[in-house]
Amino acid sequence: NFSLRHPLIHPKGNFGTPDDPPAAARYTECRLAEIAMAMLDGIDEDTVDFVDNYSGEFQEPALLPARFPNLLVNGSQGIAVGMATNIPPHNLGEVIDATNHLIDHPEATPDDLMQFIKGPDFPTGALMMGRQGILDAYRTGRGSIRLRAVAEIEEGKRNDMIVVSKLPYQVSPTTVLLKIKELVDAGELTGIADINNASAGEDIRLEIKLKKDAPALVILNNLYKLTPLQTNFAVNTVALIDGVPRTLNLVQALQAYIDHQVDVIRRRSEFRLAKAKDREHIVEGLLKAIDMIDAIIALIRASADRNEAREGLMGEGFEFSETQANHILDMQLGRLTRLGRTDLEKELG
């Protein structure tokens, strides 16, 4: 939850912190989070292609139906040969609003969509300084966003104290404290009497106690300048479009998602239509069978085995298809009654 805006996995056990690695796999367990089911919605309705896995032993989806734009919502980081991607996480509601707007206004520009998506939504909080980095990232796919920790100066009777409650994305408390200690020991940072990590669970609290009469605001500005309390997040929105890596602005990223959803919904509709037509074909056969139930029973009783009965139902005088014949042979006779006709006619309706 310190890396993803909406984690797709619900963990149980020690899955690590920004400072510490997770426990060994035997000490943890996990399941799909509820929001992950939206990523899989419709996968059983032929909405995406399946390909062989690495060993050729199983089939796996080439991509997921993804009923929300996970690439923007949770971001992505990765390095490949000669290229890299670094996409920040975003607010789910804002991304959906921007997607809806782009569907209704295909000519929209990145600036138009920025009325919905104000900027990235980092799970660790902190402050984004300035708008230019965000504008560059959304207009061109590349930009540098400056992040600053949330810190307050608490005045004491003898000593003031700087308390940090939010850290920039992917910055750990231990890293900050070690850097401060290193600077103090080197004499590059003065006026600090003690440092303490009072963080608990997801709540961050770094206490930086100052010497008597030390200029708190000056020291805080030096901390921003010299330590990870202020960092830059280099946005590089590179994604695969039809298998080709491309740098995308905000409109292109959302349009690629919309195009994918159009394909998913089209394939889902075709699957459901084919399923409905198959059922229609069977219901038509059952209605026809009701009108000749006595002849069908006589044929089945006179047949030596199932194959002969099926061939008879497909032959002269009956003309059922193979699918209809198999369904008739599989069902209970009680279904082929007048009461059954009413249900079938209502279904065919």
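D242 lies in the loop between strand 14 (238–241) and strand 15 (244–247); strands here are DSSP runs of E, at least two residues, and helices are runs of H or I, at least four, numbered from the N terminus. This is a predicted model, where local features need pLDDT of at least 70, side-chain atom pairs count only at pLDDT 80 or more, and totals for chains, interfaces and linings use all residues. Residues are numbered from 1 along each chain as its sequence is written, and side-chain values use heavy atoms, with hydrogens and water left out.

Reader: Why does D242 count as exposed?
Author: Buried means under 20% relative accessible area, exposed over 50%, and partly exposed in between (1.4 Å probe, protein chains only). D242 has 78% relative accessibility, so D242 counts as exposed.

Reader: What is phi of D242 near?
Author: Phi of D242 is near 55°, a positive value in a residue other than glycine.

Reader: And why is L32 called partly exposed?
Author: Its relative accessible area is 44%, which lies between the 20% and 50% limits, so L32 is partly exposed. L32 belongs to strand 2 (residues 29–32).

Reader: How are two packed helices described?
Author: By the angle between their axes and the distance between the axes. Helix 8 (residues 250–290) and helix 11 (residues 322–330) pack at about 60°, with axes 9 Å apart; axes are lines fitted to C-alpha atoms, for helices over the stretch in contact, and angles run from 0 to 180 degrees between N-to-C directions.
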